[in-house]
Amino acid sequence: MNATVCPLLGGNMAVCHTRDVSEVGICLDTSEVSEWIPVGTRVSLTLTDPHSGTAMEVIGDVVREVAGSTPALGVLLIEPPAEWKALVASAARQSGTAEKPG
C-alpha cells in the first residue's frame, strides 16, 4: 500500500510503499525517496485502505532509519484512530500472520 509522507514543519512530500504495519507503527520503504527524513521528525502520513478505498491520515515520529540497499523508515504513530486498527487487522489477514510471536 502506498503512503504519502510529509514532515509537519516543512519539507517535501514523498510517496513511499509500506513494508509493515502494526497497531503502533509503520515501516516505510524509502528506496525511491530523494530527500531523506531524519529520525526525530514528526510526519503526517496519508494512506488509502485498498479494500474500502478510504483515505486515512495519521501523525507519527520517525524513530528508526535503515540505510543501504533497502532503505526504510520506522514511524511510531501518535494516537492512531480506530480505523488504523481495522487496517492493521486487514493487512494481517492478507499476509496470513494475524498472530506475531513475542
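View 1. Residues are numbered from 1 along each chain as its sequence is written, and side-chain values use heavy atoms, with hydrogens and water left out. Strand S1 covers residues 2-7, and strand S2 covers residues 14-21. The two strands pair in the antiparallel sense over four bridges. Two strands count as paired if DSSP finds at least two bridges between them. Strands (E, at least two residues) and helices (H or I, at least four) are DSSP runs, numbered from the N terminus. Thr4 also stands opposite Thr46 in S4. S1 and S4 run antiparallel and are joined by five bridges.

**View 2. Six strands close into a barrel.** The order is S1-S2-S3-S6-S5-S4, and the pairing is antiparallel. Neighbouring strands of this sheet are turned by 45 degrees against each other on average, direction ignored. Here the axes are lines fitted to C-alpha atoms, for helices over the stretch in contact, and angles run from 0 to 180 degrees between N-to-C directions. What holds paired strands together? Strands of a sheet pair through backbone hydrogen bonds, either parallel or antiparallel.

**View 3. A hairpin of three residues joins S2 to S3.** Strand S3 covers residues 25-29. S2 and S3 pair in the antiparallel sense over four bridges. Thr18 stands opposite Leu28 in S3. On to the next pair: S3 and S6 run antiparallel, with five bridges joining them. Asp29 has Ala72 in S6 as its bridge partner.

**View 4. S4 and S5 form a hairpin with six residues between them.** Gly53 sits in the turn and has a positive phi of about 80 degrees. How many bridges pair S4 and S5? Seven bridges pair them, in the antiparallel sense. Leu47 has Met56 in S5 as its bridge partner.

**View 5. Asp61 forms a salt bridge with Arg42.** The closest N and O atoms are 2.7 Å apart. A salt bridge is a side-chain nitrogen of Lys or Arg within 4 Å of a carboxyl oxygen of Asp or Glu. A search of the whole structure finds one salt bridge. The pair links distant parts of the chain, 19 residues apart. Asp61 lies in strand S5 (residues 55-66), and Arg42 lies in strand S4 (residues 42-48). Is Arg42 buried, partly exposed or exposed? Arg42 counts as partly exposed, at 40% relative accessibility. Buried means under 20% relative accessible area, exposed means over 50%, and partly exposed lies in between (1.4 Å probe, protein chains only).

**View 6. Leu77 lies in strand S6.** Leu77 counts as buried, because its relative accessibility is 8%. Which residues is Leu77 in contact with, leaving aside its neighbours within four places in sequence? They are Val24, Gly25, Ile26, Leu45, Val58, Ile59, Gly60 and Trp84. Contact means heavy atoms within 4.5 Å. Leu77 and Glu23 are 54 residues apart along the chain, yet their C-alpha atoms are separated by 8.5 Å.

**View 7. Thr30 has its place in the loop between S3 and S4.** Thr30 counts as buried, because its relative accessibility is 4%. Leaving aside neighbours within four places in sequence, Thr30 is in contact with Cys16, Trp36, Pro71, Ala72 and Leu73.

**View 8. The structure holds zero disulfides.** A disulfide is a pair of cysteine sulfur atoms within 2.5 Å. Cys6 is in no disulfide; the nearest cysteine sulfur belongs to Cys16, 11 Å away. Cys6 is partly exposed, with a relative accessible area of 28%. Cys16 is in no disulfide either; for Cys16 the nearest cysteine sulfur is that of Cys27, 10.0 Å away. Cys16 counts as buried, at 4% relative accessibility.

View 9. pLDDT is the predictor's confidence in each residue, from 0 to 100. The chain has a mean pLDDT of 85, and 92% of its residues reach 70 or more. Over residues 98-102, pLDDT stays under 50. For this stretch the model has three contacts beyond four places in sequence. Where pLDDT is low, the predicted coordinates should not be read in detail.
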